[in-house]
Amino acid sequence: KVTGVQTCALPISGSHLYIPDGRYVAMGDSFSSGEGNPPFLPGTNSPPLPGTPDICHRSYVAYSQVLQAKDPQNAAPIPDDADFVACQGAKIQALFHYNVDNPSEPPQVDRLNVGAVESTGQPGGPVGLITLSIGGNDVGFGPIIQHCLWANLFASSCNASEQHALDVNLHWIDGTYPGNAPAGPSCGYTCDATKKCPPGSGCNPENLVQVYQTLRYLAPHARILVLGYPQEFRLNNSPSCKGISRADQKWANTNLTDALNKVIQANIQAANAGIEYVNAVPYFLHHEQECNVGDPQSGFNGLLNLGLGLDYEGYFHPSKFGHTLLAQAILDKLSHPAPTGYPSPPSPSPSVTPVSPTPPASGGSLSGACSMLTFQNVLTALGGKDVQPFGNLVCAGSYGMGPFIIGAGHLPGQ
């Protein structure tokens, strides 16, 4: 059972899985949405036309959807459609704000609210399990692969030209990096175009340490599993079918995937919030991208997977079989008790606390629109005081600001 902020010490009734009572919220990017594996859930495959397109590409065979089928006891949870919020292309930004690429998508952390409404119209209640993959788009995984493909066409290499930008982006999301020290509402510095910040400036308040601490703060009793990224390439295969040179494949495995996974693990440790890392690499061993079209044992969609048609973003993503591998990694983690003894959930920086702006009308802007209810809930949670908003709420970008009264004291970082 759940006590304090610790997850259950015994398996749930009738199951071999250690999961606290509550909803399952599946968050993250394309590796969690199931990109590359159509058909997709209704409303997540809208054409990119003016208005509010949604191409989150949430697949019926994403790992969150096949957990139960993969579980021998059929006891694993399946998220309600409303709690399946992973979205292809999502960056850390999409966790806390309306998705810039899919403007009809609210902040993913909104689903962690105990009052979040399920697809049945009923309040969902507390969250018992969260799965998340995030960071790949922030460090430029897609553009890097594209550049490597182009380089190979001209018998060249991409790793030398991509390494510096990759390092900058890895530092940008790394909450343990000196330039991303704990951030307040305003770091007091202006970052330049290369995202290089003065040491201790805290110019990126949405680094991974802040992400993990905020998730724990918003879901104090949940088991929170963060997936690492699997290696894409099997190095003893011919590079011709992958479109990327063997040297660049090796570089992508080590300098991109492995380096990102190390940053994720370091930030989980630094967050000290009971977040659990799921290492996906061993599950894809001998199941990396194959040359044979439609190979059922390939964990990735290869460049020659013609079944994807015009969905070019589905290439280099886990295949249907790959998602069964990810599901197995999740199940194996849940079959063991969660770590216990971590401290009470830390208060996140107010600058990363989710405040949900009202979605714009077709072609409109998000500027100046926020949810007063969410804002009030955030202030109450952070301040621990009796919060009474008054007047009209205004926004600066995606962050809520407005007149309010707090009984005593002030907000952390104010």
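**Buried charge pairs and their strands**

Arg-111 and Glu-118 form a salt bridge, with the closest N and O atoms 2.8 Å apart. This is a predicted model. Both partners are covered. Arg-111 is buried, at a relative accessible area of 13%. Glu-118 is buried too, at 14%. The cut-off for buried is under 20%. The two side chains also make a polar contact, at 2.8 Å.

Where is Arg-111? Its place is in the loop between helix 3 (92-96) and strand 2.

Arg-23 forms a salt bridge with Asp-83, the closest N and O atoms being 2.8 Å apart. Arg-23 lies in strand 1 and Asp-83 in the loop between helix 2 (63-70) and helix 3, so this pair ties together parts 60 residues apart in sequence. Arg-23 counts as buried at 6% relative accessibility. Asp-83 is buried, with a relative accessible area of 1%.

A further pair involves strand 3. The side chains of Arg-223 and Glu-276 meet in a salt bridge, 2.7 Å from N to O. Arg-223 is in strand 3 and Glu-276 in strand 4 (residues 276-278), so distant parts of the chain, 53 residues apart, are linked. Arg-223 counts as buried at 1% relative accessibility. Glu-276 is buried, with a relative accessible area of 6%. Elsewhere, salt bridges that share partners join Arg-23, Asp-83, Arg-111 and Glu-118 into one network. The count of salt bridges comes to six.

Now the strands. Strand 1 (residues 23-28) runs parallel to strand 2, and six bridges join them. Val-25 stands opposite Ile-130 in strand 2. Strand 2 (residues 127-133) is mostly covered: seven of its seven residues are buried.

For contrast, look at the surface. Leu-153 lies in helix 4 (residues 141-153). Leu-153 is exposed, with a relative accessible area of 61%. Together with Trp-150 and Phe-154, Leu-153 forms a nonpolar surface patch of about 430 Å² of accessible area.

Technical notes. Residues numbered from 1 in each chain as written. Predicted model: local features only at pLDDT ≥ 70, side-chain atom pairs only at ≥ 80, totals over all residues. Heavy atoms only, no water. Buried < 20%, exposed > 50% of the residue type's maximum accessible area, 1.4 Å probe, protein only. Helix = DSSP H or I, 4+ residues; strand = E, 2+ residues; numbered from the N terminus. Pairing = 2+ DSSP bridges. Polar contact = N/O pair within 3.5 Å; in protein donor to acceptor, adjacent residues only side chain to side chain. Patch = residues over 30% accessible without salt bridge, like charges linked within 9 Å, V, L, I, M, F, W, Y side chains within 5 Å. Areas by Shrake-Rupley, 256 points an atom, 1.4 Å probe, with all protein chains shown as cover. Salt bridge = Lys/Arg side-chain N within 4 Å of Asp/Glu carboxyl O.
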